[in-house]
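The questions below ask what stands behind some of the terms used for this predicted model. Each answer sets a value against its criterion.

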Amino acid sequence: MGEVRRGCCPPMDLFRSEAMQLVQLIIPIESAHLTVSYLGDLGLLQFKDLNSEKSPFQRTYAAQIKKCGEMSRKLRFFKDQMEKAGVSPSSKPVTRTDIDMDGLDLKLGELEAELVEMNANNDKLQRTYNELIEYKLVLLKTGEFFSSALSSATAQQREIESHQVGEGSLETPLLADQEISTDSSKQVKLGFLSGLVPKEKSLAFERIIFRATRGNVYIRQAAIQEPVIDPVSGEKIEKNVFVVFYSGERAKTKIFKICEAFGANRYPFTEDLGKQNQMIDEVSGRVSELKTTIDAGILHRSNLLQTIGDQFVQWNSMVRKEKSIYHTLNMLSLDVTKKCLVAEGWSPVFASKQIQEALQRAAFDSNSQVGAIFQVLHTKESPPTYFRTNKFTTAFQEIVDAYGVAKYQEANPGVYTIVTFPFLFAVMFGDWGHGICLLLATLIFIIRERKLSGQKLGDITEMTFGGRYVILLMALFSIYTGLIYNEFFSVPFPLFGRSAYACRDLSCRDATTDGLIKVGSTYPFGVDPVWHGTRSELPFLNSLKMKMSILLGVAQMNLGIILSYFNAVYFRNGLNIWFQFIPQIIFLNSLFGYLSLLIIVKWCTGSQADLYHVMIYMFLSPTDELGENQLFAGQKIAQQVLLLLALVSVPWMLLPKPLLLKKQHQDRHQGQSYTPLQTTEESLQVEVNHGSNGHEEFEFSEVFVHQLIHTIEFVLGAVSNTASYLRLWALSLAHSELSSVFYEKVLLLAWGFNNVVILIVGIIIFIFATIGVLLVMETLSAFLHALRLHWVEFQNKFYEGDGYKFYPFSFALLSDEDD
């Protein structure tokens, strides 16, 4: 493991995963932090956790991680405050300041304390300001109550006095004397209480007070025109000003409690008119002073947040990097002297020199007297899978990885998926008009990719943007297959020359191709446009697309079996070559390879042979004469030989491999019984190896059942997978027919009315139907079917997909992760 295999051909980066090695680093403690930091910048080493038995709190750098977590909390607090204030972090690159993490921690603490204090003062001032605004409203509205009540009382008094003067009698002085002589201690004194209550609660508030005091109150309310900010909740609420007149302390206590229950704010008020005006002036003066103070505080807070925003991205990056460094250091183990840290991890072989340079640079920059030690370990553990991809190949590799990550250095189907996936999609989506629409849509993403890659997109948009190059190839291949099908929104165009056929008479369009006569050379590229619109269009295109689907399917399945051969050669597994690859290639091509050959021969010779009949009676009556279904001389003998080979290949796949595996195991186990005595370490290593390949772990029944399942799956899959490729024909037919329906039944029908309004409506319906059904739903449908053909029909011939991805420690990957 770890050796670069050399051959006659240049290496393919995507055909097999990168050669990996398990490395061990012995790092002095004084340079450990800087070493891990440089390795994070490099991003080519996946550390193994050597302290997996310890909890997070028992690890060496738990305190530092806790400190970084606290700094992250402060930064999240700053981010929330900036979002509320509408301040966005500066995206401009900031020159790196020479500030260490301790200094940053102190600075963040000071800024947090200052910001918290400013928020508290602002909240306190804002609450006082809102209370004064409410108090001013209460003074104005309640003053109106009292002035209106005083004016009406004065008017009533004058009216009563005028009546008394006009209607004098003998009893009048006596009554006056009685009023004067009344005891002042028995007069009822009324108190009053004023404030604001939420408008939605005002009726219930009035009703509860009336019932609690048994009607011994007088309440007046007046609505405020605009909503006011509640001092307690800070929300804008519509409120009413109220005045409650009561008698007695018990009534006063009840009203106080009801006000508290309803969230009514009470404010003092005086009956003296002069004092009222004085209080209004005082409150107005305080409101203006508070407004000035609050505005100054908000400006100061905005300046502080802007200062934080200018450095926020840099600080956040520093904290995230520091936290990831200490997480990684916690995966390292201390040696017995507690002066060095031991690290183990996977790295690509090509990265050895870069890693060693990073170690040397870290030792030099940290002034360490001892450099780090780099050594390669030999292990039987399966390495992670790492493919070097770029922005073009990443999406195709992710299509494969969604099924399963490739086993270490097995043949990668992603190389072929780059071509076969968009091509099979285009076979189902063949229309060069729709292909141009897809191309224009994806070109928008590609042209603006630098701008869009830095933005936060929605889920669907982000997924589409990530697969922009897949869609680009899908569009280009759709234009190609659309030209072959000769369909532009279902309309044929003679782009490559004149049609080879002409009508024998005027009724040939409604008849069959018997009404057409060949008048020129064969149409040079794709389907002759004269086929479209004839009664024989569907039978002709169905036959063409169905046979084409079988040819493509058999070709791709053969490619999968051939790749299993290259896997067997690479891993030096002779059993898989002789008892898996050879019988599989024979079985598939004896049946469906032969069918593909018959299709090509029939196309070339123009024979009228019935291929269904040929294939069915190849099994039912292999000795019968073929008659008119014979396509070439010696066909009967060839079919009998191919049938015999197909029948022989089934036990060839089933029986030898389990028996030979059992024999190999017995020979290996017998060889281990007569080895000379070893040292303790060697004997332990033999025991470990023996445990992994030991006699007790080899169960012949399990191996045989597994091989039986594999054989049955391949034999049945050869039939079902070939039939599954007929979906290429079915979806191509559905796409073509839907496009034809929208064109003929919407666009042409609207055109036939000779009405501009109907034509515009028809064009709008046609555009929306084309976009919604053909460019969205049909695209998704063809994409999913192409995905299934690759995952099931192609990859199950050779792809195990039981590996695990290479996740290196890299600062570049931190930007997409949350704390």
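Q: What makes strand S3 (residues 191–198) largely enclosed by the rest of the structure?
A: Buried means under 20% relative accessible area. Eight of the eight residues of S3 are buried, so the strand is largely enclosed by the rest of the structure.

Q: Which residues of S3 point one way and which the other way?
A: Gly 191, Leu 193, Gly 195 and Val 197 point one way, while Phe 192, Ser 194, Leu 196 and Pro 198 point the other way; all are buried. In a regular strand, side chains alternate between the two faces of the sheet.

Q: How do you know that S3 pairs with strand S7 (residues 239–246) and with strand S8 (residues 265–267)?
A: Two strands pair if there are at least two bridges between them. S3 and S7 have eight bridges, in the antiparallel sense; in S7, Tyr 246 is the bridge partner of Gly 191. S3 and S8 have three bridges, also antiparallel, and in S8 the partner of Gly 195 is Arg 266. Both pairs therefore meet the criterion of at least two bridges.

Q: What is the strand order of the sheet, and why are S4 (218–223) and S8 said to stand at its edges?
A: Four strands form an open sheet in the order S4-S7-S3-S8, with antiparallel pairing. S4 and S8 each have a single partner strand, so one side of each is left without a neighbour in the sheet.

Q: What makes helix H5 (residues 202–212) a helix that packs on the sheet?
A: Contact means heavy atoms within 4.5 Å. H5 touches S3, S4 and S7, and its direction makes about 175° with that of S4. Helix H6 (residues 249–261) also packs on the sheet, touching S3, S7 and S8; its direction makes about 165° with that of S7.

Q: How do you know that the span of helix H21 (residues 700–724) is close to the expected one?
A: H21 has 25 residues and reaches 34 Å from its first C-alpha to its last, against 36 Å expected at 1.5 Å a residue.

Q: Where is the kink in H21 centred?
A: The kink, of about 40°, is centred on Gly 717, which is one of the buried residues of H21.

Note on methods: Residues are numbered from 1 along each chain as its sequence is written. This is a predicted model: local features need pLDDT of at least 70, side-chain atom pairs count only at pLDDT 80 or more; totals for chains, interfaces and linings use all residues. Side-chain values use heavy atoms; hydrogens and water are left out. The expected span of a helix is 1.5 Å times one less than its number of residues. The bend at a residue is the angle between axes fitted to the seven residues ending there and the seven starting there. Buried means under 20% relative accessible area, exposed over 50%, partly exposed in between (1.4 Å probe, protein chains only). Axes are lines fitted to C-alpha atoms, for helices over the stretch in contact, and angles run from 0 to 180 degrees between N-to-C directions.
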